[in-house]
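Open the model in your viewer and get ready to select residues by number. We will go stop by stop.

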Amino acid sequence: MPRGELKGQFITLEGGEGVGKSTNLAEVCKCLDEAGIDYIQSREPGGTPLAEAVRELTLAPANETMPGMAEVLLMFAARSIHIENKIRPALEAGKWVVCDRFVDASYAYQGCGRELGTAAIETLEQLVVADVEPNLTLLLDASPEVGAERIDNREHDRIEQEQREFFHRVREGYLARAQQSPQRIKIVDASQPLSNVQQQVRQVTQQFIKAHT
Ligand code: Z5A
């Protein structure tokens, strides 16, 4: 679908748990500040009060099984609210949007992690996301072992309580997405020390800014 009305650029950060998305989102924002670009930042699932309420419901540990299909529908319900109430209006107004996770996470976590496959997610993407596609995605890639170690001392949400094989499938899902869209998805080696990762993030972001301003 043409994105004619969307004047801003949309940047997303993706990767497994604990790889450093939130930490490096700040680095992306620093680059935008330095370039004098007007932007908003957000996250998924969540980003608006109603979508954050769906996040709570989706990630809270439960005494009942959450079917993979229910999980993906909740992710897309939150996404629909987020897109229509926050992302689309910002992009239409010419603002840039920087978001911690977006639709690639559904392909990686629900499509591959939960083994739902891609067909249902493609359908939901067409219905919910339509033309609001990211222009640049930084995929912070590190092994699940590295990510888990970094968030070891934190309380784990329902998805973080999954077995290690789940997170290996998630990583494979992300890398497959990057292979399909090498122009949009740039892989950053997130296993490196933080200063090296930030350096890579800055390089990719500054290159993108240069090409789009
Ligand atoms: N989810 C889904 O299943 N489907 C979907 O469609 C969407 C989401 C959108 C919530 O996401 C859950 O939702 C997530 C996927 C699912 N579940 N899991 N797993 P989230 O983004 O809120 O949660 P998260 O993946 O667990 O992110 P996080 O815990 O906030 O991690 P992070 O942002 O990638 O890492 P960080 O907070 O920036 O860094 C973690 C620590 O490591 C911190 O102490 C840093 O200082 C440190 N750090 C960062 N980088 C480095 C380096 N390079 N070296 C050493 N230490 C570092």
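**Stop 1: the largest pocket.** Select K21, R55, R101, R154 and E160. Of the 36 residues that line the largest pocket, these five lie nearest its centre. Now colour the helices that each give two or more residues to this lining: α1 (21-34), α2 (49-59), α3 (68-92), α4 (103-113) and α8 (194-212). The space inside comes to about 840 Å³. Keep in mind that this is a predicted model.

What classes of residue make up the lining of the largest pocket? Colour by class to see: 14 are nonpolar, 8 are polar and 14 are charged.

Stop 2: Select R202 and E27. Their side chains meet in a salt bridge, with N to O at 3.2 Å. R202 belongs to helix α8 and E27 to helix α1, so this pair ties together parts that are 175 residues apart in sequence. Are R202 and E27 buried or exposed? Both are buried.

Together with E27 and R202, K30 and E34 are linked in a network of salt bridges. Why do such pairs form? Side chains of opposite charge can pair when their charged atoms come close.

**Stop 3: R88 and its two partners.** Move to helix α3 and select R88 and E84. Both sit in that helix, 4 residues apart, which is about one turn. Their side chains form a salt bridge at 3.1 Å, N to O. E84 has a relative accessible area of 38%, so it is partly exposed. R88 has 17% relative accessibility, which is under the 20% limit, so R88 counts as buried.

Next, select D131. The side chain of D131 meets that of R88 in a salt bridge too, at 3.0 Å, N to O. D131 lies in the loop between α5 and β4 (136-141), while R88 is in helix α3, so the pair ties together parts that are 43 residues apart in sequence. D131 counts as buried because its relative accessibility is 8%.

How many salt bridges are there by this count? The count comes to 16.

**Stop 4: a nonpolar patch.** Finish on the surface. Select M69, L73 and L116. These residues form a nonpolar patch, with about 230 Å² of accessible area together. Where is L116? L116 lies in the loop between α4 and α5 (119-129). L116 has a relative accessible area of 30%, so it is partly exposed.

Key: Residues are numbered from 1 along each chain as its sequence is written. This is a predicted model: local features need pLDDT of at least 70, side-chain atom pairs count only at pLDDT 80 or more; totals for chains, interfaces and linings use all residues. Side-chain values use heavy atoms; hydrogens and water are left out. On a 1 Å grid over the protein atoms alone, a cavity is a set of points where a 1.4 Å probe fits but cannot get out, and a pocket is an open set with protein on both sides within 12 Å along at least five of seven lines; lining residues have an atom within 4 Å of a point. Grid points are joined across faces, edges and corners, and a volume is the space filled by probe spheres set on the points. Ala, Val, Leu, Ile, Met, Phe, Trp, Tyr, Cys and Pro count as nonpolar, Asp, Glu, Lys and Arg as charged, and the others, Gly among them, as polar. Patches are made of residues with over 30% relative accessible area and no salt bridge: like charges are joined within 9 Å, nonpolar side chains (Val, Leu, Ile, Met, Phe, Trp, Tyr) within 5 Å. Accessible areas come from the Shrake-Rupley method with a 1.4 Å probe; for residues, only the protein chains shown count as cover. A salt bridge is a side-chain nitrogen of Lys or Arg within 4 Å of a carboxyl oxygen of Asp or Glu. Buried means under 20% relative accessible area, exposed over 50%, partly exposed in between (1.4 Å probe, protein chains only).
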